[in-house]
Amino acid sequence: MNYVYYVWALFTVNLALNVYLVYLLLLYYIMNPGTSPYSILPFLYSNMLLTAAIEIAGFAFIGAFAFVIFRLLQSLKVHKEKLIAVLSSADMPNISESINEINSLKIPGPLLPTILMVFFYFVPPFEAVSLILAFYYIYRSHRTLKSFEKMEEKAFAALGIKLERKKTQDHNFGLYFIITIITLGLFMLYLIYEIVSEFNHHVSEDYRLLESVEF
């Protein structure tokens, strides 16, 4: 899931454009000292291309971010289905309990979070809701991945496999939420990278172990 790098790039572009707009705005008021702080329509009109570029970059950024969340949730669902299919092919009665447990694991649907993130980002009073939703689904993805690990340990044990791999680390999401607020969402770019990396490692280790077993 290299889409995370596109999110980083688009965020950087969006940030640079906004910083440049603020710089031009400060120059505008310095050069027009009698202008009311609230009269920025002439300024925006004279910089229409820049403001349009900021809107486009903002749409591209939140769209890419929402797509990463979509792909992460979708991949968790696909991983669950593949794992159940592989375990079901094992003709072993003691594996059925683990299969039922994995099958009962609830994973959020990927489409609704994507739509809500994009929608709220473009409703002026609720832009922050978009980032809060993104943080929440990153948290849910991590908790789902941790649940996967516990269930898989039980399933692999039933197959006679002792898991010896690096586990997904625990994260203090309460502290992460505070840091995300302080950094105005910037920290979440690092957090989504960590969660996606942990998921990729988890899946690759699962398939490596399962391929080494003959049912």
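Starting at the N terminus, the elements of this protein run α-α-α-α-α-α-α-α, where helices (H or I, at least four residues) and strands (E, at least two) are DSSP runs numbered from the N terminus. The radius of gyration, taken over C-alpha atoms, is 23 Å, well over the 17 Å that the globule rule gives for 215 residues, so the protein is more spread out than a compact globule; that rule is 2.2 Å times the number of residues to the power 0.38.

Before I go on, this is a predicted model, in which local features need pLDDT of at least 70 and side-chain atom pairs count only at pLDDT 80 or more, while totals for chains, interfaces and linings use all residues. Residues are numbered from 1 along each chain as its sequence is written, and side-chain values use heavy atoms, with hydrogens and water left out.

Along the principal axes, the C-alpha atoms fill a box of roughly 80 × 25 × 25 Å. As for contacts (heavy atoms within 4.5 Å), of those in the protein with a separation of 6 or more, 77% are accounted for by residues 24 or more positions apart.

Turning to burial, 42% of the 215 residues count as buried, meaning under 20% relative accessible area with a 1.4 Å probe and protein chains only.

Let me close with helix H1, residues 3-31, whose 29 residues reach 42 Å from the first C-alpha to the last, close to the 42 Å expected at 1.5 Å a residue, the expected span being 1.5 Å times one less than the number of residues.

Definitions and conventions. Buried means under 20% relative accessible area, exposed over 50%, partly exposed in between (1.4 Å probe, protein chains only).
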